[in-house]
Amino acid sequence: MSRAEQILKDKEVIGIIIGLSGKLFLSLSLAFFTFFVAKTNFELIVVSSFGFATAAVFYFLIKLVRKRKFVMLVGILSVMVDTFIVATLPFIWYNSVGGDLIPRTYLLKTYTQYIIAGTLAINTITLQPIYPILYSFGVVLGQAGLLYYAQMDPRFKDTDNFLDALLGNAVHVNSYIMNMVVISILGFSLAYVAYRIRKVVIEAAENEVKADQLSRYFSPNVVKEIADKNQDFSELKGKLQKVAILFCDIIGFTKLSEQLGPERTLELLSEYHEIMIQIVFNNRGTLDKYIGDGMLIVFGTPNASEDDSIRALKTGIEMEKKMAIWNEERLGKGLTVVQHRMGLHFGEVLVGNIGARSRLEYTVIGDTVNVASRIEGLGKELGKKFLITDAFREQVSTLNLDSIKLNDLGLQNLKGKSQPIKVFSVDIL
C-alpha cells in the first residue's frame with residue numbers, strides 16, 4: 001500500500017468512526033426520548049430496547065474500525081443496520097398504537113423520512129460513495145415493500161388531497177412515491193459528493209506525500225517552487241544543465257567509528273548531517289544523496305539559477321564555521337573533535353530520474369560529479385580541507401571574497417582524468 005493510499009485509508013477510518021458515532025448518538029437519543037413521548041408501555045419497552053441494542057451494535061463496530069479490522073465490511077454492515085432500523089421502526093410504532101386494529105396506512109405516516117435524510121448525510125462522511133448509494137437503494141426497496149404491504153389492507157385508502165392525507169387515514173400515494181424518488185436522487189447526489197471529496201482527499205494525500213518526500217532533499221522554498229510549477233518527479237526522464245556540486249566527507253571516519261562503536265557512530269552521523277543539511281537548505285541547496293558519512297550536495301536542481309555557485313560557496317563557508325562551533329560544544333562535553341573535507345566543482349550534468357520505474361532516484365550524473373568527488377578526495381593528499389576547481393572559481397569571480405582567501409595549488413592530476421585540473425584551496429579569514 002502506497003503512502004497516499006494509507007493516508008486515504010486513515011481518512012476513511014476517521015470518517016466511518018465519525019459516522020458510526022453519529023448513528024450511536026441517534027440510537028441513544030431515540031431510546032432516551034422514547035421515555036418522554038411513548039404512549040404505551042409496549043412502545044416504551046420495545047423502542048427504547050431497540051435504540052439501546054442498535055447503539056450497542058454501533059459501539060462494537062466502532063471498536064472494530066479503531067483496530068483497523070474489516071473496515072470495508074464494517075461500513076457495509078453499518079449500512080445494513082441503518083436500513084434495518086428504518087424498515088423496522090414503522091412496524092414497532094404501528095404495533096404500539098394497536099397493530100391490525102388500525103389501518104396499515106399508519107405505516108406510511110411515521111417520521112422515518114427525517115431519520116433517512118440524517119443517516120444519508122452521515123454515510124457521506126465516510127468518503128465511500130458506495131455507502132449512500134447502498135443505503136438509498138435499500139431504503140427505497142424497504143419503502144416500496146412497506147407501500148405494497150399497506151395496500152394489501154382492505155382498509156387502505158388513496159387520496160389526491162394532501163389535507164386528507166395529512167389529517168385522515170388516507171395516503172397520497174403519488175407523494176409517497178415521489179419521496180422515494182427524492183431519496184434515490186439524494187442518495188446518488190451525496191454519493192457524488194463523497195466521490196468528489198474522496199478525489200480531493202486523494203490529491204491532497206498525494207501532494208502531502210510528494211511534499212514530504214521532496215522536503216527530504218530540497219529546501220522548503222524549492223519544494224514550494226516545484227509545487228507551484230507542478231513539476232512531475234515520477235517519470236523516467238532527465239535533462240542536461242549546469243550545476244554546482246559540493247562533496248563533503250568526515251576526515252578519518254573509519255578510525256573514528258572504531259573508537260565510538262556502532263550506536264555512538266550513528267548518533268554522531270545523525271547530528272552532523274542534521275546540522276549541515278540545515279545550512280544546505282538555508283542556501284536552497286539539494287541533498288542528492290548520502291554516501292556513507294559523506295554527502296553529495298547540488299545547487300541548481302531542479303532549476304538552475306545564476307547564483308548557484310555563489311550559494312554553494314556560501315554553504316561551504318558556513319559549514320566550516322558551523323563545524324568550528326560544533327567542535328567547541330563537543331569539547332565542552334568531553335567528546336571527540338570532528339573535521340570534514342569539501343570539494344566544489346561547476347559544470348554540466350544530467351539531471352533526472354534513474355533506475356527502474358518501481359524504484360526511481362532523482363539524481364545528477366556525469367563527469368562534473370566525478371570531478372567534484374575526486375577534488376574532495378584530493379584534499380586528503382594535499383592536506384587541505386576545502387578545495388574548489390578553477391571552473392568553480394570563475395563562477396564566483398564577481399563575489400566579494402574578503403571573508404576568504406584562495407590559494408592557487410596549480411594543476412593537479414585526478415584519478416580517471418587524462419588532463420590535469422587547476423585547483424584552489426579556500427582559507428576562511
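Helices (H or I, at least four residues) and strands (E, at least two) are taken as DSSP runs and are numbered from the N terminus. The model is a predicted one, in which local features need pLDDT of at least 70 and side-chain atom pairs count only at pLDDT 80 or more, while totals for chains, interfaces and linings use all residues. Residues are numbered from 1 along each chain as its sequence is written, and side-chain values use heavy atoms, with hydrogens and water left out.

Two strands are said to pair if DSSP finds at least two bridges between them. Strand β2 (residues 286-291) runs antiparallel to strand β3 (residues 294-299), and 5 bridges join them. Within this pairing, I291 has G294 as its bridge partner in β3, and L287 has I297. The hairpin of β2 and β3 has 2 residues between the strands, and there G292 takes a positive phi near 65°.

In the loop between α10 and β2 lies R284, whose phi is near 60°, a positive value in a residue other than glycine; R284 counts as partly exposed because its relative accessibility is 24%. The loop between β3 and α11 contains P302, and the peptide bond from T301 to P302 is cis, with omega near 0°.

Charged pairs come next. A salt bridge is here a side-chain nitrogen of Lys or Arg within 4 Å of a carboxyl oxygen of Asp or Glu, and by this rule the count comes to 10 salt bridges. One of them joins the side chains of D288 and K289, at 2.6 Å from N to O; D288 is buried because its relative accessibility is 5%, whereas K289, with a relative accessible area of 24%, is partly exposed. Another is formed by K417 and D367, whose closest N and O atoms are 2.8 Å apart. Since K417 lies in the loop between β7 (404-412) and β8 (421-428) and D367 in helix α12 (residues 367-382), this pair ties together parts that are 50 residues apart in sequence. Both partners are partly exposed, K417 at 28% relative accessibility and D367 at 41%.

K422 and D408 form a further salt bridge, with the closest N and O atoms 3.4 Å apart. Here K422 lies in strand β8 and D408 in strand β7, so the pair ties together parts that are 14 residues apart in sequence. Salt bridges that share partners also join D307, D308 and R311 into one network.

The last topic is the surface patches. Patches are made of residues with over 30% relative accessible area and no salt bridge, like charges being joined within 9 Å and nonpolar side chains (Val, Leu, Ile, Met, Phe, Trp, Tyr) within 5 Å. Accessible areas come from the Shrake-Rupley method with a 1.4 Å probe, and for residues only the protein chains shown count as cover. For charges, Lys and Arg count as positive and Asp and Glu as negative, while His and the chain ends are not counted; the place of a charge is NZ of Lys, CZ of Arg, CG of Asp or CD of Glu.

Which residues gather in a patch of negative charge on the surface? They are E263, E267, E271, E328 and E329. Helices α10 (262-282) and α11 (308-332) each supply at least two residues of this patch, and the largest share, 3 residues, comes from α10. E329 is found in helix α11 and counts as partly exposed, at 42% relative accessibility.

The nonpolar patch on the surface is formed by F70, M72, L73, I76, L77, M80, I130 and L134, with about 700 Å² of accessible area together. Helices α3 (71-96) and α5 (130-151) each supply at least two of its residues, and α3 gives the most, with 5 residues. L134 is found in helix α5 and, at 33% relative accessibility, counts as partly exposed.

How values were computed
Buried < 20%, exposed > 50% of the residue type's maximum accessible area, 1.4 Å probe, protein only.
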